[in-house]
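The sequence and model come first.

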Amino acid sequence: MYSKEFQESIKKVEATRKERLNQDFPKLSLAERSVLLEAYHPDYKKGTMREILIGANKDDKTPHEFADLFEAYSHINPDNFIVPAPKYETDVLIIGGGGAGVTAAIIANQAKADVFLVTKLRIADANTTMAQGGIQAADKANDSPAIHYLDVVGGGGFHNIPELVQALVNDGPEIIRWLEDLGVIFDKAPDGTMLSIHGGGTSRKRMHPCRDYTGAEIMRCLKDEFLDQKIKYLEYTGALDLLTDKNGNCVGAVLVNMENGEIFTVKAKTTIIATGGAGQLHIQGFPTSNHYGATADGLVIGYRAGAKLAFLDTIQYHPTGVGYPEQILGQLITEKVRGVGAQLVNADGERFIYDLETRDVVASAIIREVQDRKKGIASVASGGVWLDTPLIEMKSGSGTILKQLPAMYRQFIKFGIDMTKEPVITYPTQHYQNGGILCTEFGETNVPGLYVVGEASGGVHGRNRLMGNSLLDILVFGRRAGKYAAEQATKTKQVNEGTIEHIKKYHQELEKAGVPRERKSPILLPDYRPQEFKGKYSFLSHLKD
Amino acid sequence: MTTKDKSLATIYIMGKEYKVPGSLTILQAIEASGFLFVRGCGCRGGFCGACSTVYRTKDSYKLKVALACQTKIEDGMYLAQIPFYPGNKATHNLSKIKPTTETLCMLYPEIMRCISCGSCTKVCPQDIKVMDYINAAIRGDYKKIAELSFDCIMCGLCATRCPAEIVQYNVALAARRIYGAYVMKKAPHLDKRLEDMQAKKFLTEIETLMKSSTDQLKERYTKRELEK
Ligand SMILES: Cc1cc2nc3c(=O)[nH]c(=O)nc-3n(C[C@H](O)[C@H](O)[C@H](O)COP(=O)(O)OP(=O)(O)OC[C@H]3O[C@@H](n4cnc5c(N)ncnc54)[C@H](O)[C@@H]3O)c2cc1C
Ligand code: SF4
Ligand code: SF4
Ligand code: FES
């Protein structure tokens with residue numbers, strides 16, 4: 001139950017509900033979309049970005065929060081740090097235990113490579129586990145990879161890299177079969193037909209959900225398979241930096257055991273960055289839907305080793321983060337909620353956007369409604385509009401929410417809000433990193449020996465990813481890079497000594513550019529302690545400045 | 001519920017007293033007390049099960065559990081997290097397994113030791129009927145166990161309470177994978193599509209798209225038919 005101050009507005013929402021039930025709302029033209037984006041999307045807000053001072057993307061624009069990480073020194077000081085002899089040697093080193101990393105590990109292992117995976121929380125403590133809505137793939141008769149292709153590039157503002165999109169849509173059907181074989185339980189009719197639905201920006205119903213635990217279901221099956229294959233791994237082990245040889249090739253990484261502070265190295269023939277996204281940077285102060293470890297570490301260490309980035313001037317704000325209660329502010333209300341019929345309405349109970357426009361467009365429309373038209377819910381200080389969820393039950397029958405959206409129901413009922421009877425409050429949240437390290441369709445970066453997969457990579461989604469294409473992305477490119485990196489590794493006879501020469505050079509450039517010495521990256525863990533407790537993490541405290 | 005509760009609450013983290021704003025979740029409250037999570041915090045959103053917490057409130061002997069990231073603190077809470085539990089997982093090769101009635105009992109013979117005490121069901125923060133799915137596992141009823149256990153986030157709390165040392169969530173995961181891979185029907189339209197792909201049916205169309213100019217793409221995009 002909401003308290004009194006919300007009731008007046010709720011009444012207005014209830015008053016228009018019946019009329020809205022079967023009402024069509026006009027979609028925007030491409031031109032109208034642009035106007036809305038330029039006026040209200042946070043990416044276009046003045047003063048929020050700057051040009052990077054040094055490195056492979058020097059002079060490219062990126063949000064200050066990212067630039068602060070690229071314009072920062074390593075935790076290890078090359079002037080006093082002696083690279084320890086490798087504690088482990090492997091063919092393929094994978095950094096990051098989310099969906100992309102674990103997929104790459106399974107496939108590389110099947111390709112008979114020696115695989116070693118490190119991750120800084122537990123395997124599956126990752127954005128992948130949080131994915132709710134579904135995974136896209138063109139596997140129905142009225143659909144095709146070509147139609148999927150068009151949806152992807154349209155969503156991405158026609159900036160996507162064609163070869164990557166082709167790989168994404170072509171591998172889609174095969175990925176779904178692979179998942180079925182791994183035991184993933186999709187929502188299906190008794191004859192096996194997928195109960196696929198729309199997502200924002202899709203022209204066909206090609207979103208395959210597993211209730212609203214799609215990512216959790218996929219991730220736990222992947223993790224279980226990974227464990228069954230007895231692949232070597234270490235948890236609570238963070239990558240501090242990469243190792244390069246005298247030719248600038250990547251030959252492994254410097255790691256830290258985050259529990260006892262041990263610093264050690266792994267020597268690897270190929271290294272795959274699978275560190276995921278960056279929600280914990282809280283760009284422009286937005287809350288985030290991302291997991292605790294989403295701190296852009298992979299981008300930082302890759303960039304220092306010379307990897308080129310793409311589309312790092314575009315961030316995906318999910319239109320429907322939780323706007324209230326404050327305890328779960330910014331956590332996700334999956335797009336599936338709109339996919340199955342909920343509508344966005346303002347404080348007066350009026351619709352203001354077609355609900356399944358692409359995410360950038362819907363987020364912009366909500367911001368316009370609150371900031372400009374002043375039709376946000378007055379009692380929510382951080383801003384919010386209604387997401388009219390009881391409509392779902394009116395449309396599809398009572399019980400639909402409990403059956404199709406159990407995670408969402410739990411999220412709100414724990415705070416006394418029953419979304420089957422009352423609408424919920426929503427506002428955009430930082431959700432996805434559209435860009436990342438540039439790569440080929442086999443995950444290769446411009447640094448020999450270094451690969452990237454998943455949310456840490458950039459190019460396939462252009463300037464805006466569509467729902468359901470990220471889960472597909474991590475599996476498609478996880479498999480491709482896993483196989484390719486394994487093949488390359490088995491061909492490699494000898495690996496040169498790992499050095500931190502690239503860090504030395506990078507530091508020199510930082511000094512020349514006048515970057516303050518205190519600024520360090522990667523972040524590893526976001527610090528939510530009160531100011532007086534903040535400082536060097538204990539597991540890094542023995543590293544000399 | 002009220003919007004803001006800015007007053008301070010007293011909590012006890014592993015027995016030691018801290019005062020924090022009363023509106024926080026358990027997770028936020030531990031951070032507000034000056035702790036940095038390495039273990040015990042994963043997704044911050046109710047999906048990963050890393051933040052399992054056991055607590056008691058003042059003047060009550062009753063032990064309760066919660067996901068720290070999804071639960072608001074109460075004044076006088078005594079808190080302890082369970083960031084790790086050494087539960088057994090049976091490794092198996094899914095591609096070689098047979099989905100018989102006995103398979104689960106062979107992988108996890110300890111399920112036969114279940115005494116139907118109900119402790120697991122009582123403790124589950126996802127309100128899952130854990131005991132019922134273990135009973136279904138003993139009977140080899142894959143459909144039932146899959147349905148009942150689907151929303152499990154593997155927080156491990158059920159296993160901490162089980163007098164029979166059963167690791168319920170791993171039993172359920174094995175059962176669900178077998179159910180998904182062998183018992184549920186594979187998607188028929190997917191068979192068809194995989195044949196199409198094998199025959200390279202869409203190759204030229206996609207190549208045309210890859211070569212199209214942005215204007216051509218925009219035109220085709222605008223003219224897309226939308227499935228109702
Ligand atoms: C709430 C939510 C809902 C979503 N819903 C959907 C959806 O419905 N459909 C869809 O397609 N996509 C969805 N997405 C997006 C999608 O889930 C992610 O983009 C994708 O799963 C990312 O996978 P990944 O493996 O690249 O990264 P992650 O799954 O985040 O894994 C990265 C891993 O690397 C670890 N790591 C990071 N830095 C280091 C380091 N320095 N050293 C070692 N390890 C490190 C992290 O801790 C983490 O375990 C959603 C995302 C979120 C957050
Ligand atoms: S079944 Fe067990 S592991 Fe799964 S959510 Fe419930 S208590 Fe946690
Ligand atoms: S706690 Fe263990 S013994 Fe008790 S009902 Fe659950 S599975 Fe059976
Ligand atoms: S931190 Fe993942 S469930 Fe609480």
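## Second largest cavity

The lining of the second largest cavity divides into 12 nonpolar, two polar and no charged residues; Ala, Val, Leu, Ile, Met, Phe, Trp, Tyr, Cys and Pro count as nonpolar, Asp, Glu, Lys and Arg as charged, and the others, Gly among them, as polar. The space in this cavity is about 90 Å³. Of its 14 lining residues, B:Cys124, B:Ile128, B:Cys152, B:Cys155 and B:Cys158 are the closest to the centre. Helix 4 (130-139) and helix 6 (157-161) of chain B are the elements that give two or more residues to this lining. Helices (H or I, at least four residues) and strands (E, at least two) are DSSP runs, numbered from the N terminus.

Over the whole structure, the search finds five cavities of 30 Å³ or more. On a 1 Å grid over the protein atoms alone, a cavity is a set of points where a 1.4 Å probe fits but cannot get out, while a pocket is an open set with protein on both sides within 12 Å along at least five of seven lines; lining residues have an atom within 4 Å of a point. Grid points are joined across faces, edges and corners, and a volume is the space filled by probe spheres set on the points.

## Basis of the model

This is a predicted model, in which local features need pLDDT of at least 70 and side-chain atom pairs count only at pLDDT 80 or more, whereas totals for chains, interfaces and linings use all residues. Residues are numbered from 1 along each chain as its sequence is written, chains are lettered from A and ligands numbered from 1 in the order in which they are written, and side-chain values use heavy atoms, leaving out hydrogens and water.

## Largest pocket

The largest pocket holds about 1000 Å³ of space. Its lining has 37 residues, with A:Lys27, A:His198, A:Tyr354, A:Leu356 and B:Glu227 nearest the centre. Both chains supply elements with two or more lining residues: helix 2 (30-40), helix 10 (336-339) and helix 12 (390-396) of chain A, and helix 10 (214-222) of chain B. By class, the lining has 11 nonpolar, 13 polar and 13 charged residues.

## Strand pairing

In chain B, strand 1 (8-13) and strand 2 (16-21) pair antiparallel over six bridges; pairing requires at least two DSSP bridges. B:Thr10 has B:Lys19 as its bridge partner. Two residues lie between the strands of this hairpin, where B:Met14 takes a positive phi near 45 degrees.
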